[in-house]
Amino acid sequence: MKRVYAREEVCAGCKLCEVYCATAHSEYPNSILKAFLKQETRPIARILVEVDQPLSFALQCRHCEEANCTQACITGAMTKNPETGIVTNDESRCVGCWTCVLVCPYGAIKRDETGHKVASKCDLCSNNDTNPICVEKCPNNALIFAEISRGGE
Amino acid sequence: MSISMQLPDYLVERDPNRCIKCKVCVNQCANEVHSWDEDIDSVIAAEEKCVNCHRCVTYCPTRALKIRRNPTEYKENSYWNARTIRGIDRQAEGGGVLLTGMGTDRPIPIYWDRLFLNASQVTNPSIDPLREPMEIKTYLGSKPDNVIIKDGKLIKELPPQLVLDAPIMFGALSFGAISLSAVKSLAKAATDCGIMWNTGEGGLHRDAYEYSKNCIVQVASGRFGVDAEYLNAGAAIEIKIGQGAKPGIGGHLPGEKVGEEVSRTRMIPIGSDAISPAPHHDIYSIEDLRQLIYALKEATRYTKPVSVKVSAVHNVAAIASGIVRAGADIVAIDGVRGGTGAAPLRTRDSVGIPAELALASVDSRLRQEGIRNQASLVIAGGIRNSSDVVKAIALGADACYIGTAALITMGCRMCQTCYTGKCNWGICTQDPKLVKRLNPEIGAQRLANLIHAWSHEIKELLGGMGINALESLRGNRLMLRGVGLSETEYRILGILPAGE
């Protein structure tokens, strides 16, 4: 499946991907200003830029083939779509037990406690064709959305 | 410590109705202007550190930032203006030579803008470059005095030529002064466009060897990175005598910029200052220059043209004549507006002469002496656009170097603080966290776009003049008319006033 890959060598560590991701998953997906200034709670990014300069790269859910989070989820909220391969969290079923947070080997799931407690994670903008917003908006082409086959996958 | 008299040059205006506190400005400013203040839950600005490089303005996702010139007025004085007072303040507090970067920003007369090109009307047809072939291919190098043709074939062997798909080359920008990302951008773009890039005096990084077929390797007074492999790798060799931004002055790359890669490429110890002497200590005369030119030709078995680059100074015409007679295949002349990574401010702003006048006088002199064919003429120092290129060619240049325009293409906003090593755009720095901000793929693409755009424009301008080959424009000063110049300037430029 197509995944988002970070090109660490050209990541400027600006964290604009976080801003655009948070906006895209907010109540006002088309307006950064409204998402951050009008929404009652600050929107949460589902991508995280890890920085220890000069090292920096953006990390998000890897949509694992054998996703620990889907197996660990106690309510069945976390599922992997067998067709697209995208792992998503059904927030209406999520009870915020954080088991997925515990088992994720990448630390790519965040706790969203701004409203109904839910696990917050990358959904590839729920699409496996067009570029997710983080890839689209990266100012230095440091994120790519591509199918890179690795051993076993 | 007494109070500083220096006011911030710029004010940072942050629109509170647009700031979303994302801190992108904080993490992008290497000058540490922006910082996060937890106590007031806001981003604050240390304006005295701002150099107006536009990194934060460009990256701010909500356009919440504006940088303005500090509006605080000094007491009005047409002689002791703010700029002069600030210079004195800086020295009163720092006690050193004033340093700066990029080409001069002083209001020196811009002759390019006083020159106007001709176009065909009625009596001769103009040419539509979209319908008809246009030739802008350029050959740099010594041309023979005559040609001998036998059975339709050229018998006489031509001296080595540098072939360019457009009359434009990237000027000398050394690795060390600029980042490896910037070097790779220039090298890849030059290769993709069929033009040349120039190593400057920084040597040829091993990652750049793949682009060496489109590279002019420079030999400067410090001889950094020069060995037989280097000389033979390039398409041509350039002896750097002078630089337009700092004629008569050498170079000094501080030790802190000499990391492992720069050290290996320049062949000097890590952390040591890379000092280029003001003169070449083996060149004190034209005869000495001839020795070096021929030493380099020997080293490359006479397969590569040798260029000599000098700053445009008062006797540039006589100097250029000497350079040609010393055996150079190309003479490159860098005018007073030429750029730099670091130069003393007073030198940059006051030493040298404008490229336009230097070019015209050198071309005239070489023609008068009947040696114009022996060397190609390359002009540098403030070429801003394609019409500058066309005007330069009509004045007698064979090709132009562009440096500043190329830097702007890669993101440079000419904040003139290249010498601090904190370039926020990843161009003029060796700090790894800043270097990675310039993606060489993006840099190369933007540079290639620029060269393609200029090439199209050059063809349009040529077509308008009814000329279908750039060669027909070289030194064709009848295609130029001037406005608002003095008799002496018309004489030196060798052009007529508009209307005549």
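This is a predicted model: local features need pLDDT of at least 70, side-chain atom pairs count only at pLDDT 80 or more; totals for chains, interfaces and linings use all residues.
Over all chains, the count of aromatic pairs comes to three. In one of them, B:Tyr79 and B:Trp80 have ring centres 5.6 Å apart and planes at 80 degrees, so the pair is edge-to-face. B:Tyr79 is exposed, at 63% relative accessibility, whereas B:Trp80 is partly exposed, at 45%. B:Tyr294 and B:Tyr302 form a tilted pair, with 6.4 Å from centre to centre and 50 degrees between the planes. B:Tyr294 is partly exposed, with a relative accessible area of 28%, and B:Tyr302 is partly exposed too, at 40%.

Lysines also meet aromatic rings. B:Lys297 lies over the face of B:Tyr294, the tyrosine that pairs with B:Tyr302, at 5.0 Å from the ring centre. Elsewhere in chain B, the charged end of B:Lys23 sits over the ring of B:Trp36, at 4.4 Å from the centre of that ring.

We turn now to the helix. Helix α10 of chain B runs over residues 355-368 and has 14 residues. From its first C-alpha to its last, α10(B) reaches 20 Å, close to the 20 Å expected at 1.5 Å a residue. Its buried residues include B:Leu359, B:Val362, B:Asp363 and B:Leu366. An α-helix has 3.6 residues a turn, so residues three or four places apart point the same way. The buried residues of α10(B) pack against α8, β18, β20, α11 and α15 of chain B. After the helix comes B:Gly370, with a positive phi near 70 degrees.

Terms used:
Residues are numbered from 1 along each chain as its sequence is written. Chains are lettered from A and ligands numbered from 1 in the order in which they are written. Side-chain values use heavy atoms; hydrogens and water are left out. Rings of Phe, Tyr and Trp (its six-membered ring) pair if their centres lie within 6.5 Å; planes under 30 degrees apart count as stacked, over 60 as edge-to-face and the rest as tilted. Buried means under 20% relative accessible area, exposed over 50%, partly exposed in between (1.4 Å probe, protein chains only). A charge sits over a ring if NZ of Lys or CZ of Arg is within 6 Å of the ring centre and within 35 degrees of the ring normal. Helices (H or I, at least four residues) and strands (E, at least two) are DSSP runs, numbered from the N terminus. The expected span of a helix is 1.5 Å times one less than its number of residues. Contact means heavy atoms within 4.5 Å.
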